[in-house]
Structure formats: C-alpha cells, structure tokens
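Welcome, and thanks for taking a look at this one. Here is a short briefing to read alongside the sequence and the 3D view.

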Amino acid sequence: MMNAVKSRIQFAMSWIRRQPPKVKAFLAVVSAMAVLVFLRVIVHDNEYLFLASEAVHATGISVLIYKLTKERTCAGLSLKTQELTALYLGVRLYCSFVMEFDLHTLLDSAAFFTTLWVIYMIRLKLRATYMEDKDNFVIYYVVVPCIVVSFLIHPSTHHHIINRLFWALCVYLEAVSVLPQLRVMQNTKIVEPFTAHYVFALGIARFLNCAHWILEVLGTRGGLLTALGYGTYGLWPFMVILSEIIQTFILADFCYYYVQSLMGGQLVLRLPSGVV
C-alpha cells in the first residue's frame, strides 16, 4: 500500500518536473490556495497557525544545534542568514517589549538567543569548517533597501514613530533573511541532510505564518487591516501580506526538490542548475 502511494507521488512529481515554468507556477498557486482552504476548514483559531509556525522554526533550529554540537561542522550554513535572522529578531523583540508583550515575545526571545549561539559557534568554535567563499551574498544589498522602504511604508498606529519604523524594518528583513542561505546552496549545488532539514523547516514555518496572516484578514473581514494601521497611502497591510508571500515563494522551489529527494530515498540533496 505504502509503495503504491509512494510510486504515485513520484509519478506526479516527475510529471510536474517536465512541465514549463508557467504551468509549474500555476500549479503552485492552485496548491497553495487549496491548502489555505483546507486550513480554513480545520483550524478554528488562526493563532494556532502562528504557534505551529514557531514550533516548526524551533524544530529547524534544533536540527542546527544537533549539526553544530554532534557533527562539529557548520559546512553549508550561511553565517549571513543567521546574522540577518538575529537582526530582525532583535528588532522584533524590541517592538514586542515596547508595544505588546505576549507569548510571541517569549518565543521570539528563545529564537533570538539560540540564533546568537549559532552565530557564536560559526564565528568562533567551528570557523575552520565555515564555507566563507560560498557565503558571498552582499547583505547590504537587502538591508539598505529594507531600511529605505521602512521609512516610506510603515504602520500608522498610535505608537511612537521610531517603534513603527522598527516594526516595518523587521517585517522586511525577515522576508529576505534566507537569501544568503539560498546563495550558499546555489554555489555548492549539494546540500547535506541537516542543512536541508533546516531550510525545509524554514519553508514550512514561513508558509504557516503566511497562512496565519491571510486567514486572519479573511476571518476578521478586513478588521485586522485597520488594527495594523494603513500607513503611507494605505500600503502597509498590503506590504505585510506581500512580505509573507515573498518569504514563502522564495523557499517554495527548494521545498519541492527537498520532498522529491526525500521520496527518492536520497540523503544528500542535489540541486539542478537555476534552482534557488
């Protein structure tokens, strides 16, 4: 029974792989919409989606911890992605403390300090295994535009302007934080299991977070948009949703090849040219 199911899945993925890019994009959009409808039916409190996103992210970080402590190597990991992650988490923590302290603050605190530990391990303890020549993404290419956009488009809530600018900045930084990690994988073409598990967990976490925001907007019939503050020209809520969608689609291609590799029983993920 399981072999029959696995064979069908492999056949379907083989068929998808042969399709032109436009068909693949259409199928991805339709699949995402189908999953959203499914989640809308089975999940009655959208907050569970956010908590599930945090749990999956924590699982990904746990995989990193295992890799760094047991395997004693950081090969294939992007230090720059970890630094961008620490940056946006640090900014988001500041916003949480001064604007709205809740359970999310505690979860972000755990993720922030764990990310700092990962940075410490890569920079100091496992520096000899760090693939610095492959981690060649220029981060100010994304940090500077994020800062500029945060000045132009940010929420219009009652909070101090500095806090609103920081809020916007962390949203934009989170959307692009994974790009250096994708560049490393693009340069190496071969992704070892623990790094692949970590990036796949990020992809699932980003999708769940994106689903949380979209379903929350639909569930409140637009009330959440008002709560967020419309911002400059009414664009802020749109930018929040757009940032979540960008994060999801940035990782969608990798997640597809990850699942394909997993179904084929391959421990090491080999990426074709042009992926990520």
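**Annotated spans and packing**

Residues 138-155 have end C-alpha atoms 28 Å apart, and this span is 72% helix and 0% strand. Please keep in mind that this is a predicted model. The points below go from the annotated spans to the cores and then to the aromatic rings.

**Spans from the UniProt record**

- The unreviewed UniProt entry lists residues 23-42, 109-126, 138-155, 161-182, 194-215 and 235-259 under "transmembrane region".

**The nonpolar cores**

- The largest nonpolar core has 52 residues, and those touching the most other members are Leu68, Cys74, Ile122, Tyr172, Leu173 and Trp236.
- At least two residues of this core come from each of α3, α4 (79-99), α5 (103-125), α6 (140-152), α7 (161-176), α8 (179-188), α9 (193-219) and α11 (236-263).
- Helix α4 gives the largest share of this core, with nine residues.
- Another core, of seven residues, lies apart from the largest one, and its members include Leu39, Val43, Phe207 and Leu215.
- Leaving aside residues up to four places away in sequence, Leu173 touches Leu84, Leu87, Tyr88, Val143 and Cys146.

**Aromatic rings**

- There are eight aromatic pairs in the structure.
- One of them joins Tyr140 and Tyr141 edge-to-face, at 5.0 Å centre to centre and with 85° between the planes.
- Tyr140 and Tyr141 are both exposed.
- Trp167 and Trp236 also form a pair: their ring centres are 5.7 Å apart and their planes stand at 75°, over the 60 degrees cut-off, so this pair is edge-to-face.
- Because Trp167 sits in helix α7 and Trp236 in helix α11, their pair ties together parts that are 69 residues apart in sequence.
- Trp236 has a relative accessibility of 0%, so this residue counts as buried.
- Trp167, Tyr172 and Trp236 are linked into a cluster by ring pairs.

**A look at Ser62**

- Ser62 is part of helix α3 (residues 47-71).
- Is Ser62 buried, partly exposed or exposed? With a relative accessible area of 43%, Ser62 is partly exposed, because that value falls between the 20% and 50% cut-offs.
- Although Ser62 and Tyr198 are 136 residues apart along the chain, their C-alpha atoms are separated by 8.5 Å.

Notes
Residues are numbered from 1 along each chain as its sequence is written. This is a predicted model: local features need pLDDT of at least 70, side-chain atom pairs count only at pLDDT 80 or more; totals for chains, interfaces and linings use all residues. Side-chain values use heavy atoms; hydrogens and water are left out. UniProt positions are given in the numbering used here, feature names are shortened, and annotations may be inferred rather than shown by experiment. Helices (H or I, at least four residues) and strands (E, at least two) are DSSP runs, numbered from the N terminus. Buried means under 20% relative accessible area, exposed over 50%, partly exposed in between (1.4 Å probe, protein chains only). A nonpolar core is a set of buried Ala, Val, Leu, Ile, Met, Phe, Trp, Tyr and Cys residues joined through side-chain atoms within 4.5 Å. Contact means heavy atoms within 4.5 Å. Rings of Phe, Tyr and Trp (its six-membered ring) pair if their centres lie within 6.5 Å; planes under 30 degrees apart count as stacked, over 60 as edge-to-face and the rest as tilted.
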